[in-house]
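Please read them beside the coordinates.

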Amino acid sequence: MKDTIGFIGAGNMGSAMIEGIAQKKVFKNILVNDHHPENLERLEKKYGVKTSMDANFVASNSDVLVLSVKPKHYKVLIESIKDSVKDDVIIVDIAAGVTILDVKHYFEKDIKVIKAMPNTPALVLQAMSAISFDDLCNEEDKACIQVLFNSFGKCEVVDEAMMDAVTCVSGSSPAYVFMMIEAMADAAVKQGLPRKQALVFAAQAVLGSAQMVLKTGMHPGALKDMVCSPGGTTIDAVCELEKMGFRASIEAAMDVCAKKSKAMTEVK
């Protein structure tokens, strides 16, 4: 493993990653830069990370450098730190629409770059992240990055060309799931269940169902059929969902999401 990881940007995603790494003690040293002093103070107090308002200090002392700023800031940020980074640094790009080649172009040199797409459940150490490796990365580099992303959830290695698909299936999908949980809870409240309990029942049902898919290895359709007793309540509900376009609406939402992600990648 590398000794020192640096973060430029400590917003929601950056902070979530830092918390996972700090709890699992993946790196000996964690350096953090952010424009908001309150973010730095919170992370320093909670995890003892070293913080700095100077991005170049973090860039020059990091073996792995995570750029966790908004996509529109990547070019300017990289231009400001490109002469400070170590020759063998691994740059981790987590910005939607910013490719490995974009990052190399901004740095104006052939540098090791990892493209990654984590999601917001990183906040509770349950992220699903996709990672793509630059050709310059060796096996040690790859192992280091996988340990990094597994520290706050799970990760899968994919071809960079699949990142648009990843965006809609895991990057944006927590929003769809939150909407479903909210709708389930609302319906339960309508039936008389207290709001607090309704949310717990709905959220735990989603969590347990997801665990069944992951741990049993069974097809989701087969798991659905296990719940649908002949002539029972569940099959009536499933038929109503199909009639209302539940499955089609999810597929359509993901198609729109993937198209927008592709458009963002193409337009710089």
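1. Terms first. Buried means under 20% relative accessible area, exposed means over 50%, and partly exposed lies in between, with a 1.4 Å probe and protein chains only. By that scale A205, at 36% relative accessibility, counts as partly exposed. A205 is found in helix α9; helices (H or I, at least four residues) and strands (E, at least two) are DSSP runs, numbered from the N terminus.

2. Provenance. This is a predicted model, in which local features need pLDDT of at least 70, side-chain atom pairs count only at pLDDT 80 or more, and totals for chains, interfaces and linings use all residues. Residues are numbered from 1 along each chain as its sequence is written, and side-chain values use heavy atoms, with hydrogens and water left out.

3. Overall. The protein chain has 12 helices and eight strands. Its C-alpha atoms fill a box of roughly 70 × 40 × 30 Å along the principal axes. Of its 268 residues, 41% count as buried. Contact means heavy atoms within 4.5 Å. Take the contacts between residues at least 6 apart in sequence: 62% of them join residues at least 24 apart.

4. Helix α5. Why is α5 (residues 100-107) largely enclosed by the rest of the structure? Six of its eight residues are buried. They are I100, D102, V103, K104, Y106 and F107. These buried residues pack against α4 (74-81), β5 (90-93), β6 (112-117) and β7 (127-133). Just after α5, E108 takes a positive phi of about 60°.

5. α4 against α5. Their axes come within 8 Å and cross at roughly 45°. Axes here are lines fitted to C-alpha atoms, for helices over the stretch in contact, and angles run from 0 to 180 degrees between N-to-C directions. That makes α4 oblique to α5: angles under 35 degrees count as roughly parallel, over 145 as roughly antiparallel, 65 to 115 as roughly perpendicular, and the rest as oblique. The crossing is right-handed. A crossing is right-handed if the near helix is turned clockwise from the far one by less than a right angle, and left-handed if anticlockwise. Y74, K75, I78 and I81 of α4 make the contact with V103, Y106 and F107 of α5. The tally is six nonpolar, no polar and one charged. For that count, Ala, Val, Leu, Ile, Met, Phe, Trp, Tyr, Cys and Pro are nonpolar, Asp, Glu, Lys and Arg are charged, and the others, Gly among them, are polar.

6. α8 against α9. Helix α8 (residues 173-190) and helix α9 (residues 195-216) pack at about 135°, with axes 8 Å apart. The two are therefore oblique to each other. α8 passes α9 in a right-handed crossing. On the α8 side, the contact uses V177, M180, I181, M184, A185, D186, A188 and V189; on the α9 side, R195, A198, L199, A202, A203 and V206. These residues divide into 12 nonpolar, no polar and two charged.

7. Cysteines. C144 counts as buried at 2% relative accessibility, and C257 counts as buried at 15%.
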